[in-house]
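Me: I've got a structure to go through. Can you walk me through it in short answers?

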Amino acid sequence: MILNVIPRINKVDYTGGESYIDLAAVKYTADDSYGDEAYGIVINAEGVEVISKGEKGKFYAMKTLEQIKNMGKVPHCVIKDAPEFPYRGFMIDSSRHMQSVDEIKKYIEAAARYKFNIFHWHICDDQGWRMESEKYPLLNEKGSWRDCHGFGSPNMEKYGGYYTKDEIRDIVNFCEERFIEVVPEIDMPGHVTAIVSSYPELSCRGVQIPLETTGGIFKNILCAGKEEVFDFCFGILDEVAELFPCKYIHIGGDEAPKARWCNCEKCQQRIKDEHLNSVEELQGYFANRIIAYLKSKGKEVLAWNESLNSGILDGDCIICDWMDRAHKSEAYANQGGKIIIEDFYHYYLDYPYGMTPLKKTYTYEPYLKKLDSKGRKGVLGVETPIWTEYIEDFGKMCYMCFPRMIAVGERGWVTPENANYADFKIRLRNDIPYLKEIGITPADEREWDPPLKVRIDRTLGHLKKALSPASIKATLFPNREDD
Ligand SMILES: [Zn+2]
């Protein structure tokens, strides 16, 4: 017997018999012994009863029932369900390419069905700033528009735009109604070309540069020696915190080459004044000041795993583990830190199915091997990012994300013992019509797990396109000043 529900229900006991169910006639009982996201369902000859602590559990019970109902006659059963992880996220990059508000809402609708509770919104990067700012209007006048060579749309003079505060509030409300929190990301001190092209004085050299029009890692990062940089960061984060009620704010911290800092008088002075030992520690100092500021506003801070490289990062920072060959995130969790698993090789949906087949995503174990029992408790959850350098339109985005995003959603909810790929595929096939109905066309089943030869061809093809000589150089020699 299988109940056609994604994510898989963690505990079902069948009691014999079956009936059609009427969602309008569901009885509800509140029970404080349930966790916030947990729920129970009893289906028998008398009808359907939902049990939860409050509205959130009730919402998830109804999401389960919406799917069960499609089976027609439903077996009588007692369900007890609760998520494995409290953090179940998906990330959309709206900097490299933007999505319309309606397109984002389609993702939120689908995410709610699969019991995600976090929408991490990447709203600024080297290729465009996407949030309306009243305090710093040049972020919109200059920082939201890029020239159209590179991966911009070649038929337009400029590519860009930004989400108005009203549009952002609309999305935040739409999420709230579905028990999804929106985590905004303001990436710093790297990936800030949109900021320093709008306000050049915030970089070490202070020179005017254009927005980037290709993917990659870029050297013009925020100057850690200038006080006005911190004033700007606090100022923009005030605006962000006001707009996004979520308890989390993401401050990036990834891919920040230190060439400029090595050669900047002000950055070097800061290292002396603060008795720091290196430019890596300077990034730790930078992050810690931002974290302290956000903590004073009652926020919890997320950052990518490179933030651990300084060795001095505030232990309250939640680490998003995306590429961490030195296993620093696991060591951090073993020491009591919190981490979120977003592994590049398994959860990055901008990479082709040839490189990351559905099975590879689904069967990845979010409890990493080097975690001890304390470290396992530090895994707050999972998140799947979709970066959009090579995803120009919604159709391609849906093809890349679906169904792999659903696989990550299921792994965020089910216990490791309940994860079963064959069983997942059966339930997934049944839910494809739903996706199409809400305007999401997933990749065809033949694409999900391509044969080896196709995998090799597509992986090489993608790498050829994605790895520019400039970004390879910046990755291999992040501290070299050569221009
Ligand atoms: Zn500097």
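Me: Which residues of H15 are buried?
Reply: The buried residues of H15 are Arg404, Met405, Ile406, Ala407, Val408, Gly409, Glu410, Arg411, Gly412 and Trp413. Buried means under 20% relative accessible area, with exposed over 50% and partly exposed in between (1.4 Å probe, protein chains only). Helices here are DSSP runs of H or I with at least four residues, strands are runs of E with at least two, and both are numbered from the N terminus.

Me: Where does this model come from, and how are residues numbered?
Reply: This is a predicted model, where local features need pLDDT of at least 70, side-chain atom pairs count only at pLDDT 80 or more, and totals for chains, interfaces and linings use all residues. Residues are numbered from 1 along each chain as its sequence is written, and side-chain values use heavy atoms, leaving out hydrogens and water.

Me: How many helices and strands are in the protein chain?
Reply: The protein chain has 19 helices and 17 strands. Of its 483 residues, 58% are buried.

Me: New topic. What coordinates the zinc ion?
Reply: Cys204, Cys223, Cys264 and Cys267 do, each through SG, at 2.3 Å. Donors are N, O and S atoms within 2.8 Å of the metal (3.2 Å for Na, K and Ca); water is not among the atoms, so sites may look incomplete.

Me: Why is the arrangement tetrahedral?
Reply: Because the 4 donor atoms subtend angles of 104 to 113° around the zinc ion. Four donors count as tetrahedral if all angles lie between 85 and 135 degrees.

Me: What spacing do the donors follow along the chain?
Reply: The donors of the zinc ion follow C-x18-C-x40-C-x2-C. Cysteine 204 sits in the loop between helix H5 (193–198) and helix H6 (227–243), and cysteine 267 in helix H8 (residues 265–273), so the pair ties together parts 63 residues apart in sequence.

Me: Is cysteine 267 buried or exposed?
Reply: Buried, with a relative accessible area of 0%. Cysteine 204 is buried too, at 16%.

Me: And where is proline 352?
Reply: Proline 352 is in the loop between helix H11 (344–347) and helix H12 (358–363). Proline 352 is buried, with a relative accessible area of 13%.

Terms used. Tetrahedral: all angles 85-135°; square planar, octahedral: opposite > 155°, others 65-115°.
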